[in-house]
Amino acid sequence: MKCMLLVLAFCASVPCVLKAADSTVVAPPVVQKTAIEISVAGGPQRTFFREPTTPLTDERQFSGMSVMGKLMWHPDHILSVGLLSGYTTFSTESFTKDDIPVLNEPFTLTLEAVPLQLALSMQSGGFEVGVGLGGYLLSSTITGGDAVRQANTIFEIGISTQVSYLFFIGETFSVGPEVNIHLLSNRGIVAISPCLRAKWEFVRY
Amino acid sequence: MKNITLVLAALVLCLNGCVSELTPVVYPTVDYETVISTTTPLTLEQRAQMNGIYIMQEGRSTFGDTVAVRWDGEAMSIYTVKSVSFFYVRGGMRTDSARFVGYWRAVQGPETGEVSLGILASEGGKELAEGKGNGVGLTLRGTITSPGSSRPNTLVLKKIKALANRTRGFEIIGHRGGGRNSDRLGKSENSIELMLFASQLGATACEIDVYGTSDGVPVVFHDPTFTPRTVQGAYLLGDISNYSLRQIRGFVRLVNGEQLPTLEEALMEVVDKSTIRTIWLDNKDSRVVDEILAIHQRVMDHAASKKRTIRILFGIPTTEIYDAYMKSPLKGTAPVLCELDQASVRASNAAVWAPRFTDGLQSDVVAQMHKEGRDVYCWTMDDPGFILRFLTEGDFDGFCTNYPTLLAALFYTRKDLK
C-alpha cells in the first residue's frame, strides 16, 4: 500500500516539477485564472473489511452508498487544494435473536463515516486525480437490546483517492464519472465507490 | 516550489496514515501424541532432578552459553538469554532413556521451529529412571529446526547445577497476563489462554488489567478503548465502559479470537488450571472497586475449597483507585499492592509496594518496606542490562516484565543473587 501511495504521490508531483521548470525557461503570456470550485460526487459503494465485522458471521464485504463534497481553491496551476467531506455507509447488518444467543434479542448494527480531509487534486484536460488526507469520524450505531439505540463516534486516521473525467457543460459547470476509494488502514477498511460527479466553478478572479 | 512542498507534505501524511501489520508467526505442528503415548510421564521427583542450569555444548551460536531448564506441569521449558527464546516440550521416559518433542520461539522476533530432544541411558537417563542423584551431568541431546536452515541443527545441553533462587522468594510477573499482542504468542494479551500459558513462558505470577463495563462487570482488558490492536469486530468503538457485557460478548473477540474474559472467569480458571502463584490486579476503573473486592473473596473461597495456594493482589495504581478503595466497605479484605508513595502504602496497609524501575534501586526504602513486612515488586523490566543490575544490586521480591522468558533466563542462571 505504501508503494502505491509513493507512486501516486510521485506521479502527482511530476507535472508540478515540469511546470515549474518550464516557467523558468519560457515566460508565456499569463492570463490569470484562479477559481474556487465546489464539487459533489455520489454513488453506490462496496466496502471490504480485513476481518469479519462480528464474531457471528464471516461477512467481510458490504454494499452501501457514498456522497462526497469538495471545496477547492484552484489557482493558475495544475494543482488545486481544498477540503473534502461527505457521508458514507461502510456496513449495515441485522441479526435476529436466534443469531445471537448471548443477547437473545434482534439487533441492527451500522458503521458510517464522515471524512474530514485536506484535499489535493491535479487536473489535466478532463482528467482529475485527487487525494484526501486526514481522517474520518467513524460512527457505529447499535439498535436494539439494552441500549435501544446507541451511537459511538471516534476519529480514525485515513486517506481517500479520487479519479474522475469531467465533461464541460457550459463555461463553469462540468460533470462526469468518478471512482472514489477510501482507506482506513488501521481499521482494515477499504471502500470503492463508482459515482457521478458534478463540479461548479462558482468564483473566478 | 509551493506545489512540491504540498506534495511532499501529502506524501508524509500518506505514509503516516498507513499501518504496517506484523508478520504472523507460524508455529510448527508438533505430534505430541505419538511421543506421549509411547513414554511414561516423569514423576515430580524426576522433573525436579531435570530442573537446572545447563551449558550449551552445541547450539550456543543461537541460544548462548547457558540456559535454564524448568518443568511446569506436563511441559518442560527452556529459557535462553541470547535470542530471548523459550522451548515448550513434552514427553517422558522410555525405560532408562527419555524422549521429548515440542517447539521453540524467539519472543522478540518471528523465529520458531521444531524441537526433538532425548536423554540417553549413558548420559544421565539411567540415573533419572532410578531417581538417583541431583541430575548434574545429565545431557539433553537432539535437534532443532530453524527458519532459513535447510536441515535440523544439533543441540546438546548438559546440566551443571540447580536453578538459582532467592531466600525471600522471587516473582517473575508476566505483564498483561504474560505478554503483549505485538509478541505474537498466538494468545491474546489478558486472555485466559495466555494466563494459563504464562508459566510456560517463565512467569510465576501475572499482572492483569481490570476495567468495568457499562453494567458494572469487571472485565480483563488493557486499554480504556476498543481498538484493532486489541479486538476483532467493527462495531464497538470508543470506551469499553460504553458497552454492556452482553454487547461485548455478542460483538467482539480478542485479536486471536478468544472471548474477552470477566475478572471472575479469569481468576477461577487460573486457580483451577494453572500453577501461577500470584495475580496482580491492575485496577483501572474506580466504579467497580467494590465488585472487584467481592470477586476476590469469592475466588479465594473457591481456592481454599480446592486447597490451592494463590495470592491475588488488589492493585492501586492511581489516586482515584486509592480513594475508592479507602471508601469501600470491603476495604481490608484483600491484600493490596500499592504503586503510590510510601504514605499511601502504609495508609492502605499494602502487602506490596510496586515502584517503577525508573525511580532507581531505592535500597533504603526497599529495606524499610521489608522491615515492615511488605514485599517490593518493580515494573516494567524488559531490558537485560537493567534486569541484571536490579537483580544483583537491588533487593526486590519480583519484577513485572513483558518478557518473562528473558527474566526467567536471567534470574535462574544468575550466580550472585542476594
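Strands (E, at least two residues) and helices (H or I, at least four) are DSSP runs, numbered from the N terminus. A word on the source: this is a predicted model, in which local features need pLDDT of at least 70, side-chain atom pairs count only at pLDDT 80 or more, and totals for chains, interfaces and linings use all residues. Residues are numbered from 1 along each chain as its sequence is written, while chains are lettered from A and ligands numbered from 1 in the order in which they are written.

On one pairing, β20(B) runs parallel to strand β19 (residues 352-353) of chain B, with two bridges between them; two strands pair if DSSP finds at least two bridges between them. Opposite D375(B) in β20(B) stands V352(B). Between β19(B) and β20(B) the chain passes through helix α12 (residues 363-371) of chain B, in a right-handed β-α-β crossover. Right-handed is used when, with the strands pointing away from the viewer, the path from the first strand over the helix to the second runs clockwise.

Strand β21 (residues 398-401) of chain B is also parallel to β20(B), joined to it by two bridges. There, G398(B) is the bridge partner of Y377(B). The chain gets from β20(B) to β21(B) by way of helix α13 (residues 384-393) of chain B, and this β-α-β crossover is right-handed too. The loop between β20 and α13 of chain B holds T380(B), and the peptide bond from W379(B) to T380(B) is cis, with omega near -20°.

## The nonpolar core

Y377(B) turns up again in the largest nonpolar core, which has 144 residues. Such a core is a set of buried Ala, Val, Leu, Ile, Met, Phe, Trp, Tyr and Cys residues joined through C-beta atoms within 7 Å. The residues with the most contacts inside this core are I279(B), L337(B), Y377(B), F399(B) and L407(B). Both domain 1 (32-161) and domain 2 (171-413) of chain B give residues to the core, so it lies between them.

Leaving out residues up to four places away in sequence, I279(B) touches A205(B), C206(B), I208(B), L267(B), V270(B), I310(B), I312(B) and L313(B). Contact means that the C-beta atoms of two residues, placed from the backbone, lie within 7 Å.

## Two domains in chain B

Chain B is divided into domain 1 (32-161) and domain 2 (171-413), with bounds that come from an automatic or database domain assignment. Taken over C-alpha atoms, the centres of the two domains of chain B are separated by 31 Å. Where they meet, 18 residues of domain 1 of chain B are in contact with 16 residues of domain 2 of chain B. On the domain 1 side, the elements giving two or more residues are β2 (66-72), β3 (75-80) and β4 (85-94) of chain B. Of these, β2(B) gives the most, with five residues. By class, that side has eleven nonpolar, five polar and two charged residues. Ala, Val, Leu, Ile, Met, Phe, Trp, Tyr, Cys and Pro count as nonpolar, Asp, Glu, Lys and Arg as charged, and the others, Gly among them, as polar.

Elsewhere in chain B, strand β8 (residues 153-161) pairs antiparallel with strand β1 (residues 52-58) over five bridges, and K158(B) in β8(B) is the bridge partner of I55(B). Strand β7 (residues 139-144) of chain B is likewise antiparallel to β8(B), over six bridges, with V156(B) as the bridge partner of R141(B).

## Two loop residues with positive phi

N190(B), in the loop between β9 (171-174) and α6 (192-197) of chain B, has phi near 60°, a positive value in a residue other than glycine. N190(B) counts as buried because 30 C-beta neighbours lie inside 10 Å.

K307(B) sits in the loop between α9 (289-305) and β17 (311-316) of chain B, and its phi is near 55°, positive in a residue other than glycine. K307(B) counts as exposed, because 6 C-beta neighbours lie inside 10 Å.

Technical notes:
A residue is buried if 20 or more other C-beta atoms lie within 10 Å of its own, exposed if 12 or fewer, and partly exposed in between; C-beta atoms are placed from the backbone.
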